[in-house]
Amino acid sequence: MTDAQLDALKETLAAAPDNALLRLAVVRKLMDNNNLSEALATALDLGSEDVTNPADRVLLSGLFGQAGLTDKVELFAVRDEPTGTIEEQANAEILADQPGTSGRVLRLVGGADIEDGPINDLPEPELPETMTFADVGGLDEVKKDVHRRIILPFSQPSLVQRFRKRSGGGVLMYGPPGCGKTLLARATAGECGAKFVTAHLSEVLDPYIGGSEQRLTQIFQNARSSTPSVLFFDEIEALGAKRSTSTSSHISQLASHFLSEMDGVSANNDGVLTLAATNAPWSMDAAFLRPGRFDRMFFVPPPDRAARAKIFLLELADRLIQDPIDVNALAAATTGRSGADLRAIVEIASDDAIDQTLERGEEVPISQAMLMRAVEETRSTVAEWLTTARNHATYSNQGGRYDDILVFLEQNGRRR
């Protein structure tokens, strides 16, 4: 952007100082021009609620970090969406508050959270406990498809070699939040007998020019050095957003670098299966979805009735309950709920039981009535996503990419 164009943009901001999107655009351009002092002054008026894009929050965290504004760094820190069981989420929150652990807060290069050093010295992400499909409730059709198209060829390299087909490649899982995409990715690695390497946004994005590309290269190198391995990227849309609509040259460069690592001339990812999850596949750049990259897409829908019953059984296991609990009745009353919604219902009922235990001075188990009250008190968190997905599947379904969404909506009576 020329100086004249930037001046015009700043004049427009002066006329509309409350326009957060415009202010953010000016900050980006000032940072691109290496005018950090003016960028900092302009960014001070931005609130955390004004900036929702993870990449933009990373840039602002880095800007405030260089100025020593630690309160602002914490305000704009990127945090991953909670996944896993309620217990796992609680453990993650505890770890996030412990000094010396990566937690889920963005770590700044050169900041107080990690020591200065070359990119190769960054610690490798911790491996989660091995899981298999038996640990994931429901999603039977998705499991069958994943097993046939991914696990079999990946776990039988001799068969792959006979047909001169490389093992690995890219697979994209998409669907509403809280429906098991991350759990399914971990279980896929367990079924393959492969090392599972997670790549969180906080481990990729870096506020300094070139830093994110270096981190991404190191992550791929870690996966290549220990094949067979499954490399998992959550919220991939933050790294692979449409470059034609991106206002940040940094994000566009990072997307290009990601594609180069996946199937560039110098990339050798044989034996590396790259899994990614997203809630918004329509926000991704088309280059990410072409053959050789994330060309295999799996729709992970909300659990059906049988799956909901199984999830309730898993969530109620080892809890103090009043027999009998009719999980089939609970499943029938929770149509359209995600796995995370079902976990929340059990937690609310558990809170109710604890409150009554404290009031009565004796143990009160979780009852059917408590669970049904929790069902009535909560609402589905996937309804908004399904409305958005329906519009994209109906009007922007190039090549039948979202046919699975249309089939699901038709079967569940949600299509107009």
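## Ground rules

Residues are numbered from 1 along each chain as its sequence is written, and side-chain values use heavy atoms, with hydrogens and water left out. Because the model is predicted, local features need pLDDT of at least 70 and side-chain atom pairs count only at pLDDT 80 or more, while totals for chains, interfaces and linings use all residues.

## The second largest pocket

This pocket has a volume of about 660 Å³ (an open set of points on a 1 Å grid over the protein atoms alone, with protein on both sides within 12 Å along at least five of seven lines; the volume is the space filled by 1.4 Å probe spheres set on the points, which are joined across faces, edges and corners). Its lining counts 27 residues (those with an atom within 4 Å of a point), and E141, V142, P301, F408 and Q411 lie nearest the centre.

Two or more lining residues come from each of α7 (140-155), β5 (296-299), α13 (305-316) and α18 (403-411) (DSSP runs numbered from the N terminus: helices are H or I, at least four residues; strands are E, at least two). Helix α13 gives the largest share, five residues.

## Strands β2 and β3

In β2 (residues 195-199), four of the five residues are buried, meaning under 20% relative accessible area with a 1.4 Å probe, protein chains only. Five bridges join β2 to β3 (residues 229-233), and the two run parallel (pairing takes at least two DSSP bridges). T198 sits opposite F232 of β3.

## E315 in α13

E315 belongs to helix α13 and is buried, at 12% relative accessible area. Neighbours within four places in sequence aside, E315 is in contact with R343 and V346 (heavy atoms within 4.5 Å).

Methods:
Buried means under 20% relative accessible area, exposed over 50%, partly exposed in between (1.4 Å probe, protein chains only).
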